2 protein chains.
Amino acid sequence: MSSRDEILRRVRDALGGERGTAPPVPRGYARRLTAEEAATRADVLALFTERVAENRAAVRHVAADDVGTAVAAALWGREAKQIVVPADLPFGWLAELEGVRALADAPALDAETLAASDGAVTGCAAAVARTGTVVLDGGRAQGRRALTLVPDYHLCVVHADQIAGTVPEAVARLDPARPLTWISGPSATRDVEGVRAPGPHGPRHLEILVVED
Amino acid sequence: MSSRDEILRRVRDALGGERGTAPPVPRGYARRLTAEEAATRADVLALFTERVAENRAAVRHVAADDVGTAVAAALWGREAKQIVVPADLPFGWLAELEGVRALADAPALDAETLAASDGAVTGCAAAVARTGTVVLDGGRAQGRRALTLVPDYHLCVVHADQIAGTVPEAVARLDPARPLTWISGPSATRDVEGVRAPGPHGPRHLEILVVED
């Protein structure tokens with residue numbers, strides 16, 4: 001039996017006895033948080049906060065009226081001078097900025113401007129408590145992917161009601177036809193020797209503001 | 001027959017022979033623009049622009065990428081120093097402001113601050129070509145009523161696709177449960193002697209930016 005025959009045999013085996021009949025795939029995902037994890041809405045928020053922190057992102061809770069102040073404080077803390085934002089970011093989120101110039105990404109900023117900026121501020125489409133993930137889909141207040149992948153700092157505003165318990169619950173809220181970016185902490189890889197290296201494919205610094213409406 | 005009896009008789013007459021049967025109401029409204037008025041989308045835009053101008057409001061057309069510049073130019077033209085805006089106004093609309101301070105209405109600004117401001121910038125929920133009207137419903141980028149009724153200047157951004165031909169067409173797009181404000185030109189009244197007096201119930205200056213997407 002040649003290598004080719006052997007490979008084709010394995011493919012046929014994998015396809016199962018009847019051509020086109022898919023073998024059963026186990027789907028026993030954890031679709032929901034446990035009763036203990038999700039006893040109250042506050043528990044879900046606490047789980048999200050804990051997991052975001054475990055992912056090495058900064059996380060802070062703010063009241064709805066304090067988003068502008070919290071965004072300004074975060075940017076001042078980084079000594080940011082110029083940031084980039086989607087043009088449809090709610091104005092109130094930037095209303096308290098003093099001494100920080102915000103550039104709207106419309107018309108689209110060039111890559112040099114994005115790279116030279118001190119960060120990006122966006123909202124998100126959904127978030128996942130169990131994994132400490134935020135999901136962007138290019139919709140309102142999120143902008144195109146380059147906006148949040150090129151600058152080295154990403155400040156993401158998450159409304160408490162956007163936080164789903166698990167990944168399947170978040171998927172159910174999202175539109176699969178949109179370009180989804182799933183962000184679990186700042187960019188990092190363990191590709192080489194299993195050693196964690198930050199930032200090969202995106203911001204090395206992620207900060208999340210949870211708005212308790 | 002006493003005056004009371006006379007009045008009651010008239011009421012009964014008005015109610016018709018059978019109690020509770022409403023008399024027929026003519027409903028022959030002009031529900032659509034004429035074929036001539038609405039031959040093309042550009043005709044509808046032109047009609048809206050003409051009627052807004054007839055209502056003594058300023059009107060200007062801008063490309064989507066130029067909204068920020070146009071808003072800044074309008075405010076500079078009025079020598080505005082401080083304006084008020086809904087907190088969810090798209091940031092890009094204010095991205096070009098230099099030397100004009102924008103106050104977000106969250107938490108709610110007090111009436112003195114609104115009155116002392118040089119104007120308000122908002123979007124709208126719909127607009128009507130035939131009457132040159134913009135309609136606000138308190139939704140996204142519009143804010144509460146006081147925001148646009150207290151300051152003396154209102155700059156309203158209208159996307160071309162928000163412009164309906166007629167009032168019935170606009171009504172069909174709107175949610176009747178929301179607080180609707182219909183604005184046809186700057187505030188004015190002819191209550192006294194039929195003489196037009198500006199501004200008793202709202203801004204004396206209305207400016208509309210039509211965004212051609």
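Colleague: How many residues of chain A are in contact with chain B?

Modeller: 17 residues of chain A are in contact with 17 of chain B, contact being heavy atoms within 4.5 Å. Bear in mind that this is a predicted model, where local features need pLDDT of at least 70, side-chain atom pairs count only at pLDDT 80 or more, and totals for chains, interfaces and linings use all residues. Residues are numbered from 1 along each chain as its sequence is written, chains are lettered from A and ligands numbered from 1 in the order written, and side-chain values use heavy atoms, with hydrogens and water left out.

Colleague: What makes B:Glu98 and A:Arg101 a salt bridge?

Modeller: The term asks for a side-chain nitrogen of Lys or Arg within 4 Å of a carboxyl oxygen of Asp or Glu. Here the N to O distance is 3.2 Å, so the pair qualifies. The count between chain A and chain B is two salt bridges.

Colleague: Why is A:Gly185 called buried?

Modeller: Buried means under 20% relative accessible area, exposed over 50%, partly exposed in between (1.4 Å probe, protein chains only). A:Gly185 has 8%, so buried it is. A:Gly185 sits in the loop between strand E9 (181–183) and strand E10 (188–189) of chain A; strands are DSSP runs of E, at least two residues, numbered from the N terminus.

Colleague: And why is A:Ile7 called exposed?

Modeller: Its relative accessible area is 53%, which is over the 50% cut-off, so A:Ile7 counts as exposed. A:Ile7 lies in helix H1 (residues 3–15) of chain A, a helix being a DSSP run of H or I, at least four residues.
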